[in-house]
Amino acid sequence: MKFEFTPIADALVTVVFDDEALKAGTLKIDFKADRPSLLLGMGKSEEAKNSAIRKAFFGVPGELLKYEVDSVRIEGLTDPAQLAAAYEGLWMGNYVFTRYKEDKQADKRLKVLALDEFDGLSEALTESQILMQSADFTRYLVNSRAIDLYPETLAQLAKDELEPLGVSVEVFGRDKSQALGLKAFLAVSEGSDKEPQVIIAKYNGAGDEPYAALIGKGLTYDSGGYGIKSTEGMGTMHSDMAGSATVLGAIRAIAEAKLKKNVYAVVLACENMIDGSAYKNGDIISSHLGKTIEINSTDAEGRLTLADALSYTEEALKPSFMIDVATLTGAVIIALGDVAAGAVGNDDQLMKDVLAAAELSDEPIWQLPNFDEYKEQYKSTFADLKNTGGRGAGSITAGLFLGEFVQATPWVHLDVAGVTYRADKAKPPHPAGASGFGVKALYQLIKHR
Ligand code: BES
Ligand code: MN
Ligand code: ZN
């Protein structure tokens with residue numbers, strides 16, 4: 001959905017503040033008007049946050065479907081950031097994932113947001129458009145099913161999408177991973193007949209300045225392995241690569257916006273499956289860093305792949321800081337539901353910057369404590385570590401486990417298991433299925449750091 005500066009539009013949405021009868025997010029048809037016109041309630045004007053505007057506009061495209069209009073104009077918002085939020089809401093309300101089911105209403109959907117130009121608006125809307133296009137790429141990857149999206153196809157899609165934007169994408173498989181000693185990653189991938197892939201995307205926008213590294217969990221399917229998941233639990237596990245889709249979406253946005261920054265996106269992609277060569281509960285494996293790990297649960301696989309991703313990235317790419325994004329634990333859904341991502345890190349300033357970027361993006365991220373006491377929970381008698389820390393504080397022990405594989409680089413881990421996938425029902429401002437959560441926050445973090 002593009003934007004244009006033109007007075008001509010098929011339909012009109014008028015934002016109404018301070019009307020008791022028109023609660024925030026409710027739509028009313030304005031029958032007096034000369035064209036399809038909606039009044040959109042927005043609550044009290046002094047409390048109107050951009051997040052409320054984004055959510056309210058999410059409902060507009062569905063309503064306008066009835067009128068088969070191509071373009072819509074907005075009245076009543078005057079701030080570029082407010083209009084950008086409205087645009088994003090319209091965009092996500094208009095989103096349909098069509099890989100497996102034709103959109104029979106495609107020609108009835110909104111095509112254009114029509115506005116009058118004023119200072120700063122073009123910049124704000126252009127940035128939103130880049131972010132939404134990039135989040136659509138993320139959503140496409142996450143919504144695609146494991147039968148189609150596995151490590152090799154993920155790598156190919158990353159190349160196809162990023163290389164035209166000037167991002168170089170290096171991909172290698174099992175042999176080089178073995179040579180590099182990515183032992184924990186390879187242990188997880190062993191039960192699958194899909195070859196594991198390491199994907200390293202590199203965007204150079206700032207000469208020889210240091211690079212930031214965005215690292216994504218890339219489980220293109222998580223069956224649980226021998227610690228097999230229930231039927232229900234397994235049903236959405238094609239989305240267990242959402243972290244990788246998020247970092248690939250973020251570097252896409254950063255490149256398209258031509259930010260003057262240097263950034264890597266790193267993904268160690270594999271499947272967690274079962275066969276005669278799969279790793280087993282009770283195994284003790286090694287890792288890229290050399291620490292040994294007792295496998296309490298083959299279903300705690302993400303932290304194994306990320307352990308190698310973090311220590312390899314730190315050693316080989318020497319980034320100035322690292323952010324990992326992962327659908328790491330069910331426990332984060334117990335703690336924070338489907339509203340906020342959980343964060344664990346080793347550096348106060350970086351954490352502050354991440355939280356500020358989250359605030360700016362309306363993508364809630366909540367810091368979890370990182371007390372040393374929690375580390376007791378994943379001590380092992382016969383190995384350096386074990387890969388689970390028991391039921392209590394499951395998201396914290398998972399995060400701190402990752403921290404054991406970071407030596408001296410500022411790092412923050414984001415657990416997005418609760419926010420990245422909305423199953424069958426939309427949760428405004430996010431469509432059903434993949435939400436695209438995190439693309440904006442990572443972009444803002446890089447932009448402002
Ligand atoms: N991919 C899952 C986490 C997950 C659960 C993501 C639900 C999205 C929705 C992860 O690999 C996992 O299985 N974690 C285990 C860890 C446990 C065995 C310590 C979990 O949370 O149950
Ligand atoms: Mn798992
Ligand atoms: Zn997983």
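Start by selecting helix H13: its buried residues are Gly394, Ser395, Ile396, Thr397, Ala398, Gly399, Leu400, Phe401 and Leu402. That is 9 of the 10 residues in the run 394-403, so the rest of the structure largely encloses this helix. Keep in mind as you look around that this is a predicted model.

**The zinc site**

Next, pick the zinc ion (ligand 3) and show the side chains around it.

Asp222 bridges the zinc ion and the manganese ion, which lie 3.2 Å apart. Are Lys217 and Asp222 buried or exposed? Both are buried.

**Strand S8 and its partners**

Now select residues 197-204, which make up strand S8; 6 of its 8 residues are buried. Bring in residues 168-172, strand S7, and you will see an antiparallel pairing with S8 over 5 bridges. One contact to click on is Val171, whose bridge partner in S8 is Ile199.

Look here for Tyr203, which stands opposite Val263 in S10.

**A walk through the rings**

Time to colour the aromatic residues: the whole structure holds 9 aromatic pairs. Zoom in on Tyr211 and Tyr264, a tilted pair with 4.6 Å between ring centres and 35° between the planes. Tyr211 sits in the loop between S8 and strand S9 (212-222) while Tyr264 belongs to S10, so this pair ties together parts that are 53 residues apart in sequence. Both Tyr211 and Tyr264 are buried.

For a stacked pair, move to Phe371 and Tyr374, whose centres are 6.2 Å apart with 25° between the planes. After that, select Phe3, Phe5, Tyr87 and Trp91, which ring pairs link into a cluster.

**Charges over rings**

Finish with two charged side chains. Arg139 lies over the face of Tyr95, 5.2 Å from the ring centre. For the last stop, centre on Phe405: Lys291 lies over the face of this ring, at 5.9 Å from its centre.

Technical notes
Residues numbered from 1 in each chain as written. Chains lettered and ligands numbered in written order. Predicted model: local features only at pLDDT ≥ 70, side-chain atom pairs only at ≥ 80, totals over all residues. Heavy atoms only, no water. Donors = N, O, S within 2.8 Å, 3.2 Å for Na, K, Ca; no water. Buried < 20%, exposed > 50% of the residue type's maximum accessible area, 1.4 Å probe, protein only. Helix = DSSP H or I, 4+ residues; strand = E, 2+ residues; numbered from the N terminus. Pairing = 2+ DSSP bridges. Phe/Tyr/Trp six-rings, centres within 6.5 Å; stacked < 30°, edge-to-face > 60°. Lys NZ or Arg CZ within 6 Å of the ring centre and 35° of its normal.
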